[in-house]
Amino acid sequence: MSEPDTEPPVVELDDGAVAIAGRPVLRHIDLTVRQGEFLALMGANGSGKSTLVRALTGLWPLATGSLRLFGTPFDRFHDWQRIGFVPQRGGATSGVPASVWEVVASGRLTRRRPLRPLRRADRAAIDDALEVVGLAHRARDGVSSLSGGQQQRVLIARALAGEPELFFLDEPTAGVDLPNQQVLADTLETLSGRGATIVLVAHELGPMASLIDRAVVMRDGLIAYDGPPLASEQVATAHLHLHEHGHHHAVPDSHDHAPHVSSLIEGGTP
């Protein structure tokens, strides 16, 4: 694989803004994600983290700013098979009876022509995805018969079946018990080990904390922090310097530890 600095950023957003029904939701967002990076996008409910992910995937239009994916301006980007989006598990079945295998197989639609039979490569990718998330033994079971955590793993497998290079995951551990959180963490560790770039939206990291290369914390539609992973055991009063570069980015002093994650996410005093 090429050295990271020889490749264009996987995601590059400059001065991005999003407005919904005329109300500003995101403002002055500068975000660059490098190839192979595992980034945690964090923040309290309503901070703008999920809206940002939707803007990066084209689900919400930018009001201002420029977006490049894999070095290509967004309006000229067409390689959507390179991107996988994993929503919260509410979309696992959409009320339609389906087996685990059928849902995961739908992830191959970006790689084959509609109404054509599955090829050997398609079936191999589906089987591999099920193996990675630990659900090969449940392939023929109905998705509705699975637990919430298992349904979330089905959604990850569906995205994985398309063999994307960049994964966006929106709160994959929300409402998921600890054993399934650990399985999700193991799954993402496998994907990261394969060289995938991962942007994880999360309120808390749990077992995934050790996988994170970088943390970005949203507050009130702005990026409040962009830097090294935040350790939850650090004290909430850890010092934070705010540097003005036109926008507000919280950057830890080189002589200090990173701030307690809850102080940023919950909007407490840094």
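1. Secondary structure. The chain has six helices and 12 strands. Note that this is a predicted model.

2. Burial and surface. Of the 270 residues in the chain, 47% are buried. The accessible surface is about 13,100 Å². Carbon and sulfur atoms account for 51% of that surface.

3. Contacts along the sequence. Take the contacts between residues at least 6 apart in sequence. Of these, 70% join residues at least 24 apart.

4. Strands of a sheet pair through backbone hydrogen bonds, and the sense can be parallel or antiparallel.

5. The β4–β5 pairing. Strand β4 covers residues 64–69. It pairs with β5 in the antiparallel sense, over two bridges. Leu69 stands opposite Thr72 of β5.

6. Gln181 in its helix. Gln181 belongs to helix α5, which spans residues 178–193. Is Gln181 buried or exposed? Its relative accessible area is 15%, so Gln181 counts as buried, the cut-off being under 20%.

7. What Gln181 touches. Set aside the neighbours within four places in sequence. Gln181 is then in contact with Thr173, Val176, Gly206, Pro207 and Met208. When viewing the model, display these residues together with helix α5, the helix that holds Gln181.

Key:
Residues are numbered from 1 along each chain as its sequence is written. This is a predicted model: local features need pLDDT of at least 70, side-chain atom pairs count only at pLDDT 80 or more; totals for chains, interfaces and linings use all residues. Side-chain values use heavy atoms; hydrogens and water are left out. Helices (H or I, at least four residues) and strands (E, at least two) are DSSP runs, numbered from the N terminus. Buried means under 20% relative accessible area, exposed over 50%, partly exposed in between (1.4 Å probe, protein chains only). Contact means heavy atoms within 4.5 Å. Accessible areas come from the Shrake-Rupley method with a 1.4 Å probe; for residues, only the protein chains shown count as cover. Two strands pair if DSSP finds at least two bridges between them.
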